[in-house]
Amino acid sequence: NVMTTNEVLTKQNFLTKLVLTNGNATLSKELKVKVMKMRIEYAKVRKAFDEDLQEFVKDLAPERFKELQQKPEDERTDAEKQELEDLTTKINSDYNAYIIQRGKDEVTVNTTSFTDDEFNELVEVNAGNDVEINGTKLSAADFLEILYSLFVEE
């Protein structure tokens, strides 16, 4: 199954919020294993993405930028302050362009979906699971609805 990096990162955000056990309710061993395999696989994509970003930033920032950054603010001339600002703007612009481009890269992942039966099992265990994803609070119902749209094949 081929997806973009962005799709994998989005799905990973939701997968990590699933609870496998809740009180007496617990997922079947098979489904737990499937969820964990998916988490591990998607986490590898995120790790590679994060490492690429760090590498990109390291290579992107010129020596001059590093010099100016290390100089105490009150010792920078107006010209140096302007130069640092211009360099920062350029680096941020290049960084954002890279993120957009890199997010469109295609990756192959093995497990990408749940069956309706598996989803019903997830609902039983996650019915009271209110979550926060990227700073947005979601009720369990909204979380599960989005999870369905992301992971259950029509």
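From the N terminus on, the elements of the protein follow the order β-α-β-β-α-α-α-β-α-β-β-α, which amounts to six helices and six strands, where helices (H or I, at least four residues) and strands (E, at least two) are DSSP runs numbered from the N terminus. The model is predicted, and local features therefore need pLDDT of at least 70, while side-chain atom pairs count only at pLDDT 80 or more and totals for chains, interfaces and linings use all residues. Residues are numbered from 1 along each chain as its sequence is written, and side-chain values use heavy atoms, with hydrogens and water left out.

Along the principal axes, the C-alpha atoms fill a box of roughly 65 × 30 × 25 Å. Of the contacts (heavy atoms within 4.5 Å) with a separation of 6 or more, 73% are accounted for by residues 24 or more positions apart. Buried residues make up 34% of the 154 residues, buried meaning under 20% relative accessible area, exposed over 50% and partly exposed in between, with a 1.4 Å probe and protein chains only.

Rings of Phe, Tyr and Trp (its six-membered ring) pair if their centres lie within 6.5 Å, and planes under 30 degrees apart count as stacked, over 60 as edge-to-face and the rest as tilted; by this rule there are four aromatic pairs. One of them, formed by Phe56 and Tyr98, is stacked, with 4.1 Å centre to centre and 10° between the planes. This pair links distant parts of the chain, since Phe56 lies in helix 2 (residues 29-60) and Tyr98 in helix 4 (residues 78-103), 42 residues apart. Phe56 is partly exposed, at a relative accessible area of 23%.

The rings of Phe114 and Phe151 have centres 5.5 Å apart and planes at 50°, so this pair is tilted. Because Phe114 lies in the loop between strand 4 (106-108) and helix 5 (116-126) and Phe151 in helix 6 (residues 140-151), the pair ties together parts that are 37 residues apart in sequence. Phe114 is buried at 3% relative accessible area, and Phe151 likewise counts as buried, at 0%. The charged end of Lys11 sits over the ring of Phe151, 5.1 Å from its centre, the criterion being NZ of Lys or CZ of Arg within 6 Å of the ring centre and within 35 degrees of the ring normal.
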